[in-house]
Amino acid sequence: ANFTKCHPLMGKELDGNGVFQFRSGCMRVAFLAMDRPEIQYMGKECARVMNKPSVYGLECLKHIVRFLIGEPRLAWYFHEQHMYSIVEAYSDTNWAGCRVTRKSTSCSVMMLGRHCIGVNTSTQSVIGLSSTESEFYGGVKTACRALGMRSLMSDLGVKTTVRLSFDSSGAKGIAAKRGAGGVRHIELRTLWLQHAVERKLITLRKVPGTVNPADIGTKIM
């Protein structure tokens, strides 16, 4: 009972002016989230019920508003640095974080030296049957964004390489080998990452979860 009272995917649907206010609030949050990565997770959860806004979705939106009232300002500092040749891509996932659909949330953080150049949080389209599988899917999405950033940098005349960082040894192991191996239920369309690693378009690295910046987009602030 307590769970249904707090989850945005469950509960009574809004009607009339409440629907308009909820959708308007969600779009404002989506706009702010481009510069406030700490609200991306909750903003994404609210956006999941844009089609059929619910009372509990509105409660989640109010949670974001209360947080922003308490923390109205975020300062970004971009200190002077030399041009780095490595795009650092950090990936993190909360396995089966949605209690209704059991889908996981992935977060990708792009760093160029000390500068954060991109944060993205999204719900995975497939259901990971283990935390390792979920982390691997998150790494695949992060790799997509990192290669896109590499192409953009190339268009600007800057040659870069991509280093993908996991806090999961199992996910890093799947990305480093060839084929599905013992994980036979894995989505085959994601195995292109192994080919990219083999071609040395992407290098892999294991980082402790305590220092993984992508953790910010997989939990409630």
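1. Arg102 counts as partly exposed, at 39% relative accessibility. Arg102 sits in the loop between S1 and S2. In this predicted model, its phi is near 65 degrees, a positive value in a residue other than glycine. Most residues other than glycine have a negative phi.

2. At 69% relative accessibility, Lys200 counts as exposed.

3. On confidence, the chain averages a pLDDT of 90, and 95% of the residues score at least 70. Residues 1-6 are another matter, with pLDDT below 50. Beyond near neighbours in sequence, that stretch has seven contacts in the model.

4. Strand S1 pairs with two strands. Eight bridges join S1 to S2, and this pair runs antiparallel; the bridge partner of Glu88 in S2 is Met111. Five bridges join S1 to S4, and here the strands run parallel. In S4, Ile86 has Thr161 as its bridge partner.

5. How many of the nine residues of S1 are buried? Eight are, so S1 is largely enclosed by the rest of the structure.

6. The largest nonpolar core has 29 residues. Those with the most contacts inside it are Phe136, Leu164, Ile186, Leu193, Ile202 and Leu204. Two or more residues come from each of strand S1 (86-94), strand S2 (105-112), helix H5 (131-155), strand S4 (161-166), helix H6 (169-176), helix H7 (192-198) and strand S5 (202-206). Helix H5 gives the most to this core, with eight residues. In soluble globular proteins, nonpolar side chains tend to be buried together.

7. Leaving aside neighbours within four places in sequence, Ile186 is in contact with Glu133, Phe136, Tyr137, Ile174, Ala180 and Leu191. Another core, of 15 residues, lies apart from the largest one. Among its residues are Met42, Cys60, Leu61 and Ile64.

8. Gln124 is found in the loop between strand S3 (115-123) and H5. Is Gln124 buried or exposed? With a relative accessible area of 7%, Gln124 is buried. A polar atom of the Gln124 side chain lies 2.9 Å from the backbone oxygen of Ser134. Not counting residues up to four places away in sequence, Gln124 touches Thr93, Lys103, Ser104, Ser106, Ser134, Tyr137 and Gly138.

9. The structure holds zero disulfides. Cys26 is in none, and the nearest cysteine sulfur, that of Cys46, is 4.8 Å away. Cys26 counts as buried, at 5% relative accessibility.

10. Cys107 is likewise in no disulfide. For Cys107 the nearest cysteine sulfur is that of Cys116, at 9.1 Å. Cys107 counts as buried, at 0% relative accessibility.

11. Ser169 belongs to helix H6. Its relative accessible area is 53%, so Ser169 is exposed. Along the sequence Ser169 and Pro208 are 39 residues apart, while their C-alpha atoms are 9.9 Å apart in space.

12. Asp15 lies in the loop between helix H1 (2-6) and helix H2 (17-33). At 59% relative accessibility, Asp15 counts as exposed. The C-alpha atoms of Asp15 and Trp76 are separated by 39 Å, and the two residues are 61 apart along the chain.

Methods
Residues are numbered from 1 along each chain as its sequence is written. This is a predicted model: local features need pLDDT of at least 70, side-chain atom pairs count only at pLDDT 80 or more; totals for chains, interfaces and linings use all residues. Side-chain values use heavy atoms; hydrogens and water are left out. A nonpolar core is a set of buried Ala, Val, Leu, Ile, Met, Phe, Trp, Tyr and Cys residues joined through side-chain atoms within 4.5 Å. Buried means under 20% relative accessible area, exposed over 50%, partly exposed in between (1.4 Å probe, protein chains only). Helices (H or I, at least four residues) and strands (E, at least two) are DSSP runs, numbered from the N terminus. Contact means heavy atoms within 4.5 Å. pLDDT is the predictor's confidence in each residue, from 0 to 100. A polar contact is a pair of N or O atoms within 3.5 Å; within protein, one must be able to donate a hydrogen and the other to accept it, and residues adjacent in sequence count only if both atoms are side-chain atoms. A disulfide is a pair of cysteine sulfur atoms within 2.5 Å. Two strands pair if DSSP finds at least two bridges between them.
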